[in-house]
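Visitor: I am new to this structure and would like to learn how to read its features one by one. Could you show me the model, and then take me through it slowly?

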Amino acid sequence: MSGTVGQVIHCKAAVAWEAGKPLVIEQVEVAPPQAMEVRLKILYTSLCHTDVYFWEAKGQHPLFPRIYGHEAGGIVESVGEGVTDLKPGDHVLPIFTGECKECAHCKSEESNMCDLLRINTDRGVMLSDGKSRFSIKGQPIYHFLGTSTFSEYTVAHVGCVTKINPLAPLDKVCVISCGISTGLGAMVNVAKPPKGSTVAVFGLGAVGLAAAEGARIAGASRIIGVDLNPSRFEGAKKFGVTEFVNPKDHKKPVQEVIAEMTNGGVDRSVECTGNVDAMISAFECVHDGWGVAVLVGVPHKDAVFKTHPINLLNERTLKGTFFGNYKPRSDIPSVVEKYMNKELEVEKFITHQVPFSEINKAFDYMLRGEGLRCIISMEE
């Protein structure tokens, strides 16, 4: 790769020109990394629901043309000035949030919400100079979440790039860079279910199933999956889910159903849908005295959470989490090691694989609700 250092790279990228329209494989120019930036060769990327949400322009500020993608694995091609802890050839995961290691959040053992690099869905340019590193014949193409992995090469801030074990298969561990870590961390880092406890997981998509996997790893005795789609129930058993509740099957609120099933409520619950009613149910279904509910899903910006204060006074705890409370650079390498040590299975999250030229198929699978994660191979 030394021949490309300092040069503009011409490569293929899947460009979203307008909301909801199929991505177009284009020849793009990718500028060299500037200070504190890294240029990556992406080998495998995956489609996450967040990409689809903003591609459909349900996000706050539609921004096009744009290169989406934020779950991926690749290799460092070159580094910009001031980058000391990464070098060309390193195997890495780009991550949609970052860790500058210098702000109050990064220095706190309790937070992973970096002041400089926390997620910003509206920003389509690099922090250092407010410009894009992508262009087509001089026209700038916007970045997404500081990663833009639907491109053979991309540029990211060094704080959003995690160096991992070079022996880890990138076509598998790429899914650790977003959804799997979010659900797993919400359970093991925040909910922290004691061995033998009862757990409820609201929403059995990839993030919810990762939360269930975390409960399984922690040794929960009962893992109750809650979802409106009964077709998800059978597959969820592979992730440790032992019982299922479909709120549509009951006349009473689902939190009452769960309280009856568990003699007063579950010990821990994790909500992964973003639906505010599910959030309220997840909180109200935990046992008084010691129950802990963790919110993961992102609600509509106008949503309001309402519950009676007595639910808190009766010693239930409500928590929120962002990216499973993992610090990207400090903590994610150890999650990859869990996979390498066979403590964490990621293969069962991967249900489809397509070549880069067929990236729109990945969108079709997700829009139809088929499967969990589709791996997109950049090298066809």
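Predicted model: local features only at pLDDT ≥ 70, side-chain atom pairs only at ≥ 80, totals over all residues.

Visitor: Which residues in H4 meet which residues in H5?

Guide: On the side of H4 (residues 179–191), the residues in contact are Gly179, Ile180, Thr182, Gly183, Leu184, Met187 and Val188, and they meet Ala206, Val207, Ala210, Ala211, Gly214, Ala215 and Ile217 in H5.

Visitor: How are H4 and H5 oriented to each other, parallel or oblique?

Guide: The axes of H4 and H5 (residues 206–218) come within 7 Å and cross at roughly 40°, and H4 and H5 are therefore oblique to each other. The crossing in which H4 passes H5 is right-handed.

Visitor: In what order do the strands of the six-stranded sheet lie?

Guide: The general idea is that strands of a sheet pair through backbone hydrogen bonds, either parallel or antiparallel. Here six strands form an open sheet with parallel pairing, and the order is E12-E11-E10-E13-E14-E15. Its edge strands are E12 (243–245) and E15 (317–320), each of which pairs on one side only. Neighbouring strands of this sheet are turned against each other by 20° on average, direction ignored.

Visitor: Which strands does E13 pair with?

Guide: Four bridges join E13 to E10 (residues 198–202), and these two strands run parallel; another four bridges join E13 to E14 (residues 292–295), again in parallel. Arg268 of E13 is the bridge partner of Val199, and in E14 the bridge partner of Arg268 is Val292. Further along, E14 is joined to E15 by four bridges, also running parallel, and Ala293 stands opposite Leu318 in E15. E13 and E14 also belong, together with helix H8 (residues 276–284), to a right-handed β-α-β unit.

Visitor: Which way do the residues of E13 point, and are they buried or exposed?

Guide: In a regular strand the side chains alternate between the two faces of the sheet. In E13 (residues 268–271), Arg268 and Val270 point one way, Ser269 and Glu271 point the other way, and all are buried.

Visitor: Where is Val266 placed, and why does Val266 count as buried?

Guide: Val266 lies in the loop between helix H7 (254–261) and E13. Because buried means under 20% relative accessible area, Val266, at 0% relative accessibility, counts as buried. Leaving aside residues up to four places away in sequence, Val266 touches Thr198, Val199, Ala200, Ile224, Ile258, Cys285, Val286, His287 and Gly291.

Visitor: What is the order of the sheet of four strands, and is its pairing parallel or antiparallel?

Guide: This open sheet has the order E1-E2-E6-E7, and its pairing is antiparallel. E1 (9–15) and E7 (139–141) stand at the edges, and each has a single partner strand, so one side of each is left without a neighbour in the sheet. From one strand to the next, the twist averages 50°. As one example of the pairing, E6 (residues 134–136) and E7 are joined in the antiparallel sense over three bridges, with Phe134 opposite Ile141 in E7.

Notes
Residues numbered from 1 in each chain as written. Heavy atoms only, no water. Buried < 20%, exposed > 50% of the residue type's maximum accessible area, 1.4 Å probe, protein only. Pairing = 2+ DSSP bridges. Right-handed = clockwise from strand over helix to strand, strands pointing away. Axes fitted to C-alpha atoms, helices over the stretch in contact; angles between N-to-C directions. Parallel < 35°, antiparallel > 145°, perpendicular 65-115°, else oblique. Left-handed = near helix turned anticlockwise from the far one by under 90°. Contact = heavy atoms within 4.5 Å.
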